[in-house]
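Please look at the sequence and the model below before reading on.

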Amino acid sequence: MAVGNSQPHVVVLGGNFAGLGSAQKVREYAGGGVRITVIDRKDYLLFVPNIPADIFEDKDPALRQRMDLRPTLAADDIEFIQGEVVALDPDARTVDFIPNERPGGERQRISYDYLVVTLGNRLAFDRIEGFDRYGSTVADLYHGNKLRRYLHEGGYRGGPIAIGSARFNQGDGAVGLQPYPGGKIPGAVAACEGPPVEVMLSMATWLGKRKLGGPEKITVFTPAAMIAEDAGETVVNKLLGIASGMGFHYVNNGQDIRRITKEGVELASGKTIEAEVKIVFPDWVPHDFLKGLPISDSRGFVKTSLLMRNDKYPNVFAAGDAAAVTMPKLGAIGHQECEIVGRQIAKDLGKMSAADADKPLQPIVYCIGDMGDGKAFYIRSNTWYGGDTAVLTMGRMPYFLKMRYRDLFFSLHGKVPGWGLGLAELLAEDHRPSSRA
């Protein structure tokens with residue numbers, strides 16, 4: 001596809017949180033002097049964080065957790081192409097894709113001046129033996145509705161429940177980066193374990209409301225030495241103490257999921273967890289076309305500095321789950337990265353000063369997880385990276401924030417104001433010593 005326009009062309013690969021956010025931030029900071037194109041295989045944004053709440057409330061997430069991309073992007077004069085990205089040549093500055101609105105599309109090529117890789121990853125359920133027959137998850141609309149119907153329409157027989165993660169195979173693209181003095185981007189054994197914690201707490205509430213039991217029926221497992229390690233030891237130890245007191249079962253150092261059977265989950269450590277319901281979160285695997293490229297690390301995640309640029313190809317950026325620096329694979333960190341991408345491109349185009357643009361990533365884990373019954377937990381922590389903040393609160397205000405954020409995001413078409421996180425901190429944290437983990 002030829003670019004018949006003298007304006008610099010920014011191509012954004014991916015249209016979910018990081019893709020939409022990056023495109024909007026480039027438009028906000030670079031103004032009208034740049035052409036922007038977003039390519040994604042689907043023409044809607046999937047609001048993944050709120051799928052679990054719909055499942056337990058017996059609401060169809062397919063009707064509630066999607067936002068149309070085409071009118072959202074068109075409002076900012078951003079072109080959208082629905083297609084599957086199949087190749088990338090950083091030397092030629094081209095991307096190959098196949099239009100997929102209807103089957104049988106032909107291969108097309110588009111050129112760029114700047115590229116932003118925000119395609120996320122493949123969720124490797126297909127690599128978990130037995131998942132197709134016996135596994136469940138909350139990661140998308142299809143599987144969410146499948147689990148919802150099983151729980152609410154008479155399929156569930158009242159048996160034990162296992163919830164946990166497969167091993168994440170992290171690349172080496174963030175080695176040596178120091179987001180805080182003396183800190184680092186750590187290696188992770190699980191991609192993101194806020195969702196397993198959220199689902200275990202919500203599931204216990206769901207069981208209790210239906211007089212089917214409670215936490216004692218649920219085993220949460222992790223491949224790591226400590227679940228949700230990215231929240232930091234201070235927060236996790238407090239969380240584990242609360243969960244243990246409630247009666248949850250906990251298996252750590254599982255190493256990986258070896259297979260799922262009708263009877264339960266077999267772990268690589270040799271441990272078997274008996275379960276009727278097996279809710280699992282898989283390895284997060286880079287897209288095949290990224291593997292082996294000079295912009296990618298040993299696994300296929302895109303290497304960047306803390307300014308989200310690739311060192312070898314400074315016109316290539318990455319944000320969200322496709323970026324090697326994004327650990328854990330968490331939406332809040334993706335939002336922080338979108339801001340940086342927008343500012344960096346605006347600086348290149350003479351629209352922003354270096355003083356305003358060159359503020360490197362200092363990742364903070366923000367996580368709000370539904371607990372059921374109108375309550376949620378709230379985590380704000382950066383100790384995993386070398387920072388000094390570790391906050392855990394629980395109650396109705398975090399739940400209100402989680403649900404209202406989705407409403408605000410949809411009503412503002414993704415343009416949540418910059419003061420949103422500050423307001424969340426103010427409302428969720430009372431800043432007394434007792435509120436901190």
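This is a predicted model: local features need pLDDT of at least 70, side-chain atom pairs count only at pLDDT 80 or more; totals for chains, interfaces and linings use all residues.

## A strand in the middle

Strands and helices here are DSSP runs numbered from the N terminus, where a strand (E) has at least two residues and a helix (H or I) at least four; two strands pair if DSSP finds at least two bridges between them. Strand S11 (residues 218–221) runs parallel to strand S12 (residues 249–251), to which 3 bridges join it. S11 is also joined by 4 bridges to strand S10 (residues 161–165), again in parallel, and in this pairing phenylalanine 221 of S11 is the bridge partner of glycine 164.

## Buried residues and the core

In a regular strand the side chains alternate between the two faces of the sheet. Buried means under 20% relative accessible area, exposed means over 50%, and partly exposed lies in between (1.4 Å probe, protein chains only).

In soluble globular proteins, nonpolar side chains tend to be buried together. A nonpolar core is a set of buried Ala, Val, Leu, Ile, Met, Phe, Trp, Tyr and Cys residues joined through side-chain atoms within 4.5 Å. The largest such core has 121 residues, and Val10, Leu88, Leu115, Ile163, Met200, Met203 and Ile218 have the most contacts inside it. Helix H6 (residues 194–209) gives the most to this core, with 8 residues. A second, separate core has 15 residues, including Ala162 and Val251.

Isoleucine 218 shows what such a position looks like in detail: leaving aside its neighbours within four places in sequence, it is in contact (heavy atoms within 4.5 Å) with residues that include Ile161, Ile163, Met200, Met203 and Phe248. Proline 223, found in the loop between S11 and H7, is buried, with a relative accessible area of 6%. Not counting residues up to four places away in sequence, proline 223 touches several residues, among them Ser165, Val189, Glu193, Asn253 and Asp256.

## Two helices side by side

Helix H1 (residues 17–30) and helix H8 (residues 331–348) pack at an angle of about 35°, with their axes 8 Å apart. Axes are lines fitted to C-alpha atoms, for helices over the stretch in contact, and angles run from 0 to 180 degrees between N-to-C directions. The residues making the contact include Phe17, Gly21 and Tyr29 of H1 and His335, Val341 and Ile345 of H8.

## Two antiparallel sheets

An open sheet of 3 strands has the order S19-S20-S21, with antiparallel pairing. Its edge strands, S19 and strand S21 (390–395), each pair on one side only, and neighbouring strands are turned by 10° against each other on average, direction ignored. S19 and strand S20 (residues 375–381) pair over 7 bridges, and cysteine 367 stands opposite isoleucine 379 in S20. H6 packs on this sheet, touching S19 and S20, and its direction makes about 15° with that of S19. H7 packs on the sheet too, touching S20 and S21, at about 30° to the direction of S21. Glycine 369 lies in strand S19 (residues 365–372) and is buried, with a relative accessible area of 0%.

Another open sheet of 3 strands has the order S13-S14-S15, also with antiparallel pairing. Strand S13 (257–260) and strand S15 (272–274) stand at the edges, each with a single partner strand, so one side of each has no neighbour in the sheet. The twist averages 20° from one strand to the next.

Technical notes: Residues are numbered from 1 along each chain as its sequence is written. Side-chain values use heavy atoms; hydrogens and water are left out.
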